[in-house]
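Student: I've got a model open here and would like to talk it through with you. Could you take a look?

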Amino acid sequence: MHRFKSILHRSYHHHTLDKTTAASHLKSRSVIRFSGPETVKFLQGLLTNDIRKFDETPSETTSFLPTPNTPSVSVPPMYATLLTPQGRFLYDLFLYRPARADEKLDRTGSGPGSDSGKSIELLADVDTSVLDEILHTFKRYRLRSKVEIENLSEEFSCWQRFGGSLVEKSKVTEEPDAGSVGWGSGVDRVAMSSAQGNGNGWQWFKDPRLHCLGFRGIFPSNTTPPLVESDTETDEKNYLLWRIENGVAEGSTEIPKGEAIPLEYNFAGLNAISFDKGCYVGQELVARTHHRGVIRKRLLPLIFVDDSGEEVEQMVAPGSEVIDTASGKKVGSVTTALGCRGLGVLRVDEAFKGGSGSLAIQGQDDIRVEAVRPKWWPAEWFPEHQQSSAAA
């Protein structure tokens, strides 16, 4: 019996994952590839983050889970989004640059591989539910750019390792176990089996959004990634629950396509936006909102409780309105719900101004809403900081 099978239900009652490490195959995500000499230039003009970093010499301090035969340098992944011309969210992407031949040892383990330096390839972890649409959109933007865009969803899979014990452990030191594979004399057979001799160096990387989210990676679909044992693999809903509790949405189902305002969904705090990279699609609204300074509504973790304060499950639907019970005014709405947990875009000042029980679900008077303060939020996002700044 796998010990994680019942985590989902127990987590509602609370925090089993705070003391464990789990891994999930993210079936909600697929892999596409951008390749060609103009790959970086093409994506730089479209996405919210600074894609030029993939052209820089990679750092030897990159956070990944190492093996003795890890490539000598490694490039961290990047989180970015594609917006509409009006600055609304369309798609999110985790971008990976596979190690180039000259960044790995050759097959003998005695020296570097060879590379002309002109081969450019980026793999992107994207939302499966809109995969065809994503491919069509990027191909429509391509025009005459020298970029190939391919669907690799059959060849590769996306995985996440998460949980409280993993987060606490990685604060002190990287895990010493196998996390990647390259060509070298000290070959880890478990890691090698996950790469099938292709030489790319498949690795677990720290999630580029937040430390608390754990590690993320792309791996060949016909194998189980290193560090994933049968008793630690768990349903993707547990990863969703972990994100909900940390106040992080992912994909076009949780982040309304064509509607969501990036800064209200905290993309600046999730390392998805560069404010000094120059022009990209939808930049004007993002820049204007950012320089205005105050974001009045933000995505928040929510807990659904009854009048006695007990958590209630399976009773709140996405789209439900959250109201202030004293004034009857709308404070925001629920965007995602899983059991007694959820995410919602709420007015920050209203969400935290009252005591417990001041917020409720419109039309469901017996369900109260508790807004949670994410630990990773910077102080300036909280209303008391904004008020003190205004007073000063």
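Student: What share of the 392 residues in the protein chain is buried?
Tutor: Buried residues account for 54% of the 392 residues in the protein chain, where buried means under 20% relative accessible area with a 1.4 Å probe, counting protein chains only. This is a predicted model, in which local features need pLDDT of at least 70 and side-chain atom pairs count only at pLDDT 80 or more, while totals for chains, interfaces and linings use all residues. Residues are numbered from 1 along each chain as its sequence is written, and side-chain values use heavy atoms, with hydrogens and water left out.

Student: OK, and how many helices and strands are there?
Tutor: The protein chain has 10 helices and 15 strands, taken as DSSP runs (H or I of at least four residues for helices, E of at least two for strands) and numbered from the N terminus.

Student: Why is strand β13 largely enclosed?
Tutor: Strand β13, residues 341–347, is largely enclosed by the rest of the structure because 6 of its 7 residues are buried.

Student: Which strands pair with β13?
Tutor: Strand β10 (residues 297–305) pairs with β13 in the antiparallel sense over 7 bridges, and β12 (residues 330–338) also pairs with β13 in the antiparallel sense, over 6 bridges; pairing requires at least two DSSP bridges between the strands. Pro 301 has Leu 343 of β13 as its bridge partner, whereas Val 334 stands opposite Gly 344 in β13.

Student: And what sits between β12 and β13?
Tutor: These two strands form a hairpin with 2 residues between them, and Gly 339 in the turn has a positive phi of about 65°.

Definitions and conventions:
Buried means under 20% relative accessible area, exposed over 50%, partly exposed in between (1.4 Å probe, protein chains only).
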